[in-house]
Amino acid sequence: MFETMLKKIIILLFVSLLGNNLFSQTEGCATQMPAQKMKALRQFQQQLEIGQIPLGKKATKYVPIKIHIIGNNQGLGYYAVSSLLQTLCELNERFAPVGFHFFLADSISYINNDDFYKGDMDAIYTNADGYKLNGAVNVFFHGVGMQWCGVYFGGLDVVFIKNSCQGPNATTLAHELGHFFGLPHTFFGWEGGGAPGEIEKIDLTNCRTAGDGFCDTKADYVSSRWGCPLPYLLKDPNNVLFRPDSSMYMSYSSDYCQSRFSAEQMEAMRNDLNTRNIEAISTDLTKLPPPQKIVPSPNQKAVNAKNATLQWNKIPGAMAYHVQVARFGDWSILNFDKLVFDTTAVASLFGTWPYAWRVRAITAGNTCSEFGAVDTFETKEIPANISPALYEKDAWFFANPITVGESLVIQPQGDYDINVWNEWGAKIDIGSDRNNITLNDPGLYFVGIKKQDSFVVKRLIVLQNP
Ligand SMILES: [Zn+2]
């Protein structure tokens with residue numbers, strides 16, 4: 001099986017080079033349906049043929065999905081959490097007519113593995129099984145790879161998706177899950193460019209035995225990616241000219257053309273799910289309200305850039321919280337974008353900048369909730385040898401900037417320790433009178449004040465005496 005897969009990849013690579021494909025969306029799918037899955041499908045299609053299976057809307061089935069996000073060995077290149085949550089949200093819309101609702105079976109697993117990251121088939125065949133969560137649909141997102149967007153590995157029963165092929169409105173995942181639940185391509189038999197022994201006719205007279213075996217999916221012979229409508233005509237064995245149906249997820253039409261599974265395809269997927277024994281009785285579909293933010297307070301200054309602590313209120317029923325931080329509030333470039341299973345996160349930021357942040361609560365079955373209001377805070381850098389600040393419990397004030405020779409007056413209440421560092425992190429001798437600290441050189445300083453379990457560092461600028 002691996003040998004045939006390799007051959008397949010080489011063919012796909014060759015085809016796509018010929019096609020001069022520059023964009024990932026033009027890449028195909030390297031799935032080969034396992035023989036036993038095709039056999040089961042053919043049997044089911046015989047039942048469809050004799051009218052044993054009523055088509056149409058059925059009760060919703062709740063399907064656990066386990067997400068694995070792969071980075072390289074350095075932990076770089078992860079599929080963004082924002083993309084993932086949007087993808088799941090869109091996936092449930094696409095599968096609503098099927099009667100499937102996916103929910104997160106577990107927390108998201110992060111895997112750092114160069115070979116997986118590159119979509120190396122050999123490594124995936126050897127090692128992917130160990131990462132699988134049994135009783136769920138396992139989907140792996142990886143960074144780069146050969147000339148394919150997605151693969152359903154039949155033997156392993158897992159789906160691999162290349163990150164760049166599953167942005168907003170992309171249909172790669174819906175297509176691969178179609179394979180997962182037993183659907184072949186609408187152009188089944190034409191993969192790799194050759195023609196099958198029996199060619200499906202447009203008049204439906206051989207629709208059970210030719211092509212994908214579904215009689216409500218139109219004949220389709222196109223095994224490379226195409227924009228809709230197909231810019232040329234196909235000719236069936238009776239010399240009838242036609243264009244294939246670009247709306248099918250299981251075709252190779254461009255993502256923007258695709259919008260549906262056929263009624264028979266939906267029934268076949270439901271049948272496949274029934275054999276798997278993984279569906280849940282229910283899941284929490286609540287669209288949760290956003291939590292209230294606690295720390296940092298709105299417009300808070302001097303938040304430790306390296307360890308910016310973010311905290312919010314617990315929302316009953318939340319599985320996790322989606323937290324985003326963006327410098328200057330530019331949400332297209334995120335400095336922090338994580339799914340957090342607690343009500344605190346520590347973001348590693350940089351510099352003295354205004355940052356905006358927002359948070360939303362999700363349930364396992366509803367990742368479509370909205371973010372709460374945006375708040376901003378300002379960071380500061382603390383020299384490396386100063387221990388990281390916790391968050392500020394009290395406010396301490398002093399005049400800032402001061403000039404050389406002027407005393408630094410600090411007014412915290414109760415017992416406190418004070419230390420001053422220069423901008424290079426060297427500790428300054430401030431004498432024993434902590435209420436009368438005088439700095440003799442102009443420059444940038446850091447004043448650290450420790451009181452019980454709170455530690456705050458403030459930036460102090462000392463100006464040259466005019
Ligand atoms: Zn495919």
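1. Let's start with Pro 229, which sits in the loop between helix H6 (172-180) and strand S8 (234-235). Helices and strands here are DSSP runs, numbered from the N terminus, with at least four residues (H or I) for a helix and at least two (E) for a strand. The peptide bond leading from Cys 228 into Pro 229 is cis, with omega near -10 degrees. Keep in mind that you're looking at a predicted model, where local features need pLDDT of at least 70, side-chain atom pairs count only at pLDDT 80 or more, and totals for chains, interfaces and linings use all residues. Residue numbers start from 1 along each chain as its sequence is written.

2. Now find Pro 296, in the loop between strand S10 (293-295) and strand S11 (300-304). Here a cis peptide bond joins Val 295 to Pro 296, and omega is about -5 degrees.

3. Next, check two asparagines. Asn 169 is not a glycine, yet its phi is positive, about 65 degrees. Look for Asn 169 in the loop between strand S7 (158-162) and H6. Is Asn 169 buried or exposed? Asn 169 counts as exposed because it has 11 C-beta neighbours inside 10 Å. The rule is that a residue is buried with 20 or more other C-beta atoms within 10 Å of its own, exposed with 12 or fewer, and partly exposed in between, with C-beta atoms placed from the backbone.

4. Asn 239 also has a positive phi, near 65 degrees, in a residue other than glycine. You'll find Asn 239 in the loop between S8 and strand S9 (241-242). With 6 C-beta neighbours inside 10 Å, Asn 239 counts as exposed.

5. On to the sheet. Five strands form an open sheet with mixed pairing, in the order S11-S17-S16-S13-S14. S11 and strand S14 (336-340) are at the edges with a single partner strand each, so one side of each has no neighbour in the sheet. From one strand to the next, the twist averages 30 degrees.

6. S16 pairs with strand S17 (residues 375-380) in the antiparallel sense over four bridges, and S13 and S16 are antiparallel over eight bridges. Two strands count as paired if DSSP finds at least two bridges between them. Ala 356 stands opposite Thr 376 in S17, while Tyr 355 in S16 is the bridge partner of Arg 327. Seven of the nine residues of S16 are buried, so the rest of the structure largely encloses this strand.

7. What lies across strand S13 (320-327), S14 and S16? That's H3, which runs at about 55 degrees to S14. Axes are lines fitted to C-alpha atoms, for helices over the stretch in contact, and angles run from 0 to 180 degrees between N-to-C directions. Contact means C-beta atoms, placed from the backbone, within 7 Å.

8. Finally, the largest nonpolar core has 82 residues, and those with the most contacts inside it include Ile 65, Phe 102 and Phe 160. Such a core is a set of buried Ala, Val, Leu, Ile, Met, Phe, Trp, Tyr and Cys residues joined through C-beta atoms within 7 Å. Helix H3 (residues 81-95) gives the largest share, six residues. Domain 1 (2-183 + 261-276) and domain 2 (293-380) both contribute, so this core lies between them; the bounds come from an automatic or database domain assignment.

Note on methods
Two residues are in contact if their C-beta atoms, placed from the backbone, lie within 7 Å.
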